[in-house]
Amino acid sequence: MTRTALVLGAGMVGVSCALALQKRGIAVTLIDRKAPGRETSYGNAGVLAASSIVPLNNPSLYAKITGYLGNRHPALNLSWARAFSRPGWLLRFLWEARPSQAKARIAALQALTASTVERHRVLMAEAGVSHRLRETGTLKLWRSEAGHEAARAEHDFLERHGIESQVLDRQGISGVEPGLNPIFPAGLLIPCVGSVDSPGAVTEAYAALFAQRGGRIEQAAITGLARNGKGWRASTAAGAFEADLVVVALGPWSGDLLKPLGLDPKLDVERGYHRHLKPDAGTGLSRPIYDVDGAYYMAPMEQGFRVTSGVDLSFRDAADEHRQIDGATAAAREAFPLGEVVGETWRGARPTLPDSLPMIGEAPRNPGLWLAFGNQHIGFSTGPITGEIIAAMVCNEKPPIDPTPFRPERYIG
């Protein structure tokens, strides 16, 4: 008899899990309240981050804390009401940044991100959207002369981990991106990083591929999850769905579904914003850029140039706070000749665990309940390998990388 699975959440991680399980002969139903790729996976910079191997809470965070607390830095907006509502999570996040943990976390993230471009390249070809892939790298930029030292230090760090990069001066930056205004004296080009011109459309294309191969997609709000004999039942606004196993890949909403089962994954969220702006006629960028001092990405997209903001640590469902995205927009205009804003400002939430690593594996004491969330800023990049890890473990195969650093037991007792 064919095994059955429910995958709850149709972002990049969920769609990737659905495809990987389907490939192994499991009949999969993919369920989300919105169409595939319309939540967190829609709003990122579209970067396939093969070089994102340093956790957000690395040891350098301690030196930056005082600069963040007054909400004057573009990288962070902190809601004190939220911080005081969950002080334990924030303290654990800071505790996990201690130097003794850095080496293992970097190794785990490098294993997770190393194959991201290759895996997406294969999936895009299968889904018929290879034209959306750019393999032109990404460019990190500094606005002060001190950036030369920072760029060199990052280059040396990446080199120690086998990742190629090239330190650029002002002239070198103009050589690779002539459209940029000459305000950046230092830069770092990282060629192995890929990018796409519409992350939402790519996720949607992967979901369409899943459907073409016989997968079932249901758009319905998920209201509950419970055991059903040896299997699982998901309750939705459109009725109940049952299967032998279930994968929770609901990103920042995953904890809401698990807590009634007595499972607290210690999940929290980082909100973020983006805007699209029209570039001036005759100008362009060949790759996404990251302005370190402005704390924003600017990436060429199908809709225009997407400018993303830093982290907004407010309650997940609180009203918008546009301080950061307004500042990022102004900083981006200094860097590049941009015209009018296109469309509305978008806001989303990234799922984050205290150690900045995702949760990938079977839930303790709940056979058949699989967890795949917490990929924070790199969920779009690492969705495909997350799906392969889950599907391999479900089918008792050897996973593509060691799943131990991502085990649910580290936070769910």
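Reader: Which residues does aspartate 291 touch, not counting residues up to four places away in sequence?

Author: Please note that this is a predicted model. Aspartate 291 touches Leu141, Arg143, Phe184 and Tyr296, with residues up to four places away in sequence left out of the list. Aspartate 291 itself belongs to strand S16, which covers residues 289-291.

Reader: Is aspartate 291 buried or exposed?

Author: The general idea is that a residue counts as buried under 20% relative accessible area and as exposed over 50%. Aspartate 291 has a relative accessibility of 0%, and therefore counts as buried.

Reader: How does phenylalanine 84 read on that scale, buried or exposed?

Author: Phenylalanine 84 has a relative accessible area of 63%, so this residue is exposed. Phenylalanine 84 is found in helix H3, residues 80-85. Together with Leu69 and Trp80, Phe84 makes a nonpolar surface patch of about 340 Å².

Reader: Let us turn to the sheets. What is the order of the strands in the open sheet of six strands?

Author: The order is S10-S2-S1-S14-S22-S21, and the pairing is mixed.

Reader: Which strands stand at the edges of this sheet, and why are they called edges?

Author: Strand S10 (216-219) and strand S21 (359-362) stand there; each has a single partner strand, so one side of each lacks a neighbour in the sheet. On average, neighbouring strands of this sheet are turned by 15° against each other, direction ignored.

Reader: In which sense do strands S1 and S2 pair?

Author: Strand S1 (residues 4-8) and strand S2 (residues 27-32) pair in the parallel sense, over five bridges. Within this pair, threonine 4 stands opposite alanine 27 of S2.

Reader: Which strands does helix H1 touch where it packs on the sheet?

Author: Helix H1 (residues 12-23) touches S1, S2, strand S14 (245-248) and strand S22 (369-373), and the direction of H1 makes about 170° with that of S2. Helix H9 (residues 199-212) lies across S2 and S10, and runs at about 125° to S10.

Reader: How are the strands S11, S12 and S13 arranged?

Author: These three strands form an open sheet in the order S11-S12-S13, with antiparallel pairing. Its edge strands are S11 (222-228) and S13 (239-243), each of which pairs on one side only. From one strand to the next, the twist averages 20°. Six bridges join S11 to strand S12, residues 231-236, and arginine 227 stands opposite tryptophan 232 in S12.

Technical notes:
Residues are numbered from 1 along each chain as its sequence is written. This is a predicted model: local features need pLDDT of at least 70, side-chain atom pairs count only at pLDDT 80 or more; totals for chains, interfaces and linings use all residues. Side-chain values use heavy atoms; hydrogens and water are left out. Two strands pair if DSSP finds at least two bridges between them. Helices (H or I, at least four residues) and strands (E, at least two) are DSSP runs, numbered from the N terminus. Axes are lines fitted to C-alpha atoms, for helices over the stretch in contact, and angles run from 0 to 180 degrees between N-to-C directions. Patches are made of residues with over 30% relative accessible area and no salt bridge: like charges are joined within 9 Å, nonpolar side chains (Val, Leu, Ile, Met, Phe, Trp, Tyr) within 5 Å. Accessible areas come from the Shrake-Rupley method with a 1.4 Å probe; for residues, only the protein chains shown count as cover. A salt bridge is a side-chain nitrogen of Lys or Arg within 4 Å of a carboxyl oxygen of Asp or Glu. Buried means under 20% relative accessible area, exposed over 50%, partly exposed in between (1.4 Å probe, protein chains only). Contact means heavy atoms within 4.5 Å.
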